[in-house]
Amino acid sequence: MDLRVADSLVDALKQSRYHAKRCFERFTAHGQRLVKPQELIYAIEKTIDDKQERTKVLEGSLGQTLSSTQEAVVIPPYVILGVRGSPGRREYLQVNVDDLSVQPITPPQYLKFKESLYDNEWVKDENAIEVDLGAFDFGMPHLTLTSSIGNGLDYISKFTTSRLGGRLENAKPLLDHLLTLNHHGEKLMINETLDTVSKLQKALIVADVYLSAHPRNEQFRSFEQKLKEWGFEKGWGDTAERVQETMKILSEILQAPDPISMESFFGRLPVIFNIVIFSIHGYFGQSDVLGLPDTGGQVVYILDQVKALEEEIIRRIKQQGLNAKPRILVVSRLIPDAQGTKCNEEMEPILNTMHSHILRVPFRTSKGVLRQWDAASKVVEVMEGKPDLILGNYTDGNIVASLMAKKLGVTQGTIAHALEKTKYEDSDVNWKKFDKKYHFSCQFTADLISMNAADFIITSTFQEIAGSKQRPGQYESHATFTMPGLCRVVSGINVFDPKFNIASPGAEQSVYFPFTEKEKRLTSFHPEIKELLFKKEDNDEHMGYLADRTKPIIFSMARLDTVKNITGLVEWYGKNKRLRSLVNLVVVAGFFDPSKSKDREEMAEIKKMHELIEKYKLKGQIRWIAAQTDRNRNGELYRCIADTRGAFVQPALYEAFGLTVIEAMNCGLPTFVTNQGGPAEIVVDGVSGYHIDPNNGDESSNKIADFFTKCKVEEEFWDRVSRAGLQRIYEWQINKENKQAKQRYIDLLYDLQFKKLVNAIEIPDGATTKPQEQV
Ligand code: UDP
Ligand code: LCN
């Protein structure tokens, strides 16, 4: 254990012994319990009366240790701190309040203390299941800097390069890998003639001389036969120029490897033709599904990715000089009672693609619930063979992807964007309380299995992996946790694993473009949108009305789930007279009749909406619009809100990524976004929008009111914020370090190839080199 935090706490306790003792005694005075960070700082504030002294302690080591403490277990006379020095790093310190001695402890020891607050019997059970996945983690090197988290691909390129460098025989795994490449049994890149690295190196030199004499754009087939004689197969390129280029890159790698050539060479290899994506959550369809329970951004995201992936794979196949047909299948569940959607159809071509389909496989047959969901044979049948890559999305898609990837022996990637564990505070220790409703025990176990089984993990943001200074990341929260009575996870995932790669989603530019691009505006929707916003009579699509149409509109759109906190926003608005005098409120969410909902949370939220509208007498200032399913019209709706010089508010209690935020920003709407989760990484507070605290409604609604007050005084202000938001979102989508999502996404597909190589290379300094085991 790194002793720095422990040492600095020991110093702090020495320096501020009197205050520290009083502060810790304050914790123990209330008996055993779990204490959260706010309470720790509050304790210092309450125990030190003198302002100067208080500031000194708060800013000193004691204040700093306590403010980076994620939680503390109090079992008098001990206070056991879980200190998160920086994202991804945690230490556990046991403080004896009687003598203020400090003892570093291990994660299992800490977890046992924590468990004793919930299930004292289970802690004593020597046979309690303890999960230590870190113990298998010896094949792969790990990142060391927090700032490198999520850049796995770069890291692996560098690492592989260093291992390949120097001696020719080190390149044997690379040669073996090339020899395995084929498409439907037809060899690609090289054949058995080139069975040693030195033969390969010589052949590359001969081919280079030969190709130099050919016109740059001469097609591969005209010299195919000659290359074959020397041991080269298809896949190097479509023209003499491209083939020569690819061969040069490989020659350079064999001579003096560098990470850039390495990444570029792997990016050129023909390895991916067929992909299966599992997205079995909610209603997976192309129309009329958005806003239905559990059906939102994931559907949008996957459909966008399929289009981008297909385009990219086609481009690459052409460049490789092949004429293979790629195939992408999004496998989802077939829902017989499809509520007017196409979710009861087995096969549906994906719009704007050439070879991609949604394949729906039933979970139920006429005989009842299927005991086993055998999508594998269906996939193999439709694809006429095994896929080259299996991707999963969200907990259920990921566990299915893991099982199928293992069964078929195929590379697996996972995407979650939303892991449930962080959405509900202490959902792990309280799993029993929630299990009937949310099945957390199953969900967290499934997540743990698939994130460990995966060859690579694609995340939307840094915070999804390792959080922020204040809050642990979604994956990070699976590093060490416990479900008392079920299992103790002492090492669940390592956020420094290079398998993590950030590829931020973007918003479809043809749908979400700035309100100022007048000639592109979808004016044909304007009469409908005008009705949607302003028609006075209530109907099935809208209720409430806006008496003063000249006011700007604050707008939000989300599924009507508790965590989306749309009711929170309505309440903040209801309570804040100043805000009500400045703007109207429009929300798109759910629908109005709770008895028609089959979703418990949605039902409760619908009722709450009605109550709040009554309680705060909001009629005349609020427009509640039912879930909207037309993407193009929604794009125009954001722009019409921008026409009123309004704003978008994303008030979620926790948001994994938040597609609506980037949609709104792309349309030029100033945004106010929750500081809990992904949106806080997208928007720079006070520059390209604003952060709001969903747990502090008054502060948040005042921040929104201040913005509109300022807009009234300073005419240019609204335009400035709108432009800054647009600027930020363009940078985010295009320039962000992780490049364009599409490009990056494809690059990731090669991650595994590197990994195989790395595992095959001997690490000289005596470290173990066994390949990483799968769960
Ligand atoms: N959406 C929609 N109609 C609605 C509610 C949401 O079309 O009534 C769309 C919204 O435009 C966005 C997606 O659904 O594209 C929601 O994604 P987000 O990431 O905001 O949240 P999620 O629902 O995935 O948690
Ligand atoms: C799931 C979520 O909860 C959202 O935050 C994301 O934006 C969406 O998936 C798309 O990735």
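Predicted model: local features only at pLDDT ≥ 70, side-chain atom pairs only at ≥ 80, totals over all residues.
**Annotated spans**

- An unreviewed UniProt entry puts the feature "domain: Sucrose synthase N-terminal" at residues 4–115. That span is 54% helix and 29% strand, and its end C-alpha atoms sit 27 Å apart.
- UniProt, again in an unreviewed entry, has "domain: Glycosyl transferase family" at residues 546–710. Here the chain is 43% helix and 15% strand, with 23 Å between the end C-alpha atoms.

**The H16 and H18 pair**

- Two packed helices are described by the angle between their axes and the distance between the axes.
- As for handedness, the crossing of H16 and H18 is left-handed.
- On the H16 side, the contact involves Tyr394, Thr395, Asn398, Ile399 and Ser402. Facing them from H18 are Gln443, Ala446, Asp447, Ile449, Ser450 and Ala453.
- Sorted by type, the residues of this H16 and H18 contact come out as five nonpolar, five polar and one charged.

**The loop between S9 and H14**

- Leu290 belongs to the loop that runs between strand S9 (274–278) and helix H14 (297–319). Its relative accessible area is 17%, so Leu290 is buried.
- If you skip neighbours within four places in sequence, Leu290 is in contact with Thr295, Gly296, Val299, Val300, Ala627, Gln628 and Thr629.
- Between the C-alpha atoms of Leu290 and Ser8 there are 51 Å, and the two residues are 282 residues apart along the chain.
- Ile280 is also in the loop between S9 and H14. With a relative accessibility of 6%, Ile280 counts as buried.
- Ile280 and Ser332 are 52 residues apart along the chain, yet their C-alpha atoms are separated by 4.3 Å.

**Asp561**

- You'll find Asp561 in the loop between strand S22 (553–557) and helix H21 (566–575).
- Asp561 counts as buried because its relative accessibility is 14%, which falls under the 20% cut-off.
- What does Asp561 touch, not counting residues up to four places away in sequence? The contacts are Glu601 and Glu605.

- Most residues other than glycine have a negative phi, and most peptide bonds are trans.
- Pro77 is in the loop between strand S2 (69–75) and strand S3 (78–86).
- His417 has a positive phi, near 60°. The residue lies in the loop between strand S16 (411–415) and helix H17 (431–438), and at a relative accessible area of 10% His417 is buried.
- Phi is positive for His439 too, near 55°. This histidine is in the loop between H17 and H18.
- Is His439 buried or partly exposed? Partly exposed, because its relative accessible area is 47%.

Conventions. Residues numbered from 1 in each chain as written. Chains lettered and ligands numbered in written order. Heavy atoms only, no water. Left-handed = near helix turned anticlockwise from the far one by under 90°. Helix = DSSP H or I, 4+ residues; strand = E, 2+ residues; numbered from the N terminus. Contact = heavy atoms within 4.5 Å. Nonpolar A, V, L, I, M, F, W, Y, C, P; charged D, E, K, R; others polar. UniProt positions renumbered as here; feature names shortened; annotations may be inferred. Buried < 20%, exposed > 50% of the residue type's maximum accessible area, 1.4 Å probe, protein only.
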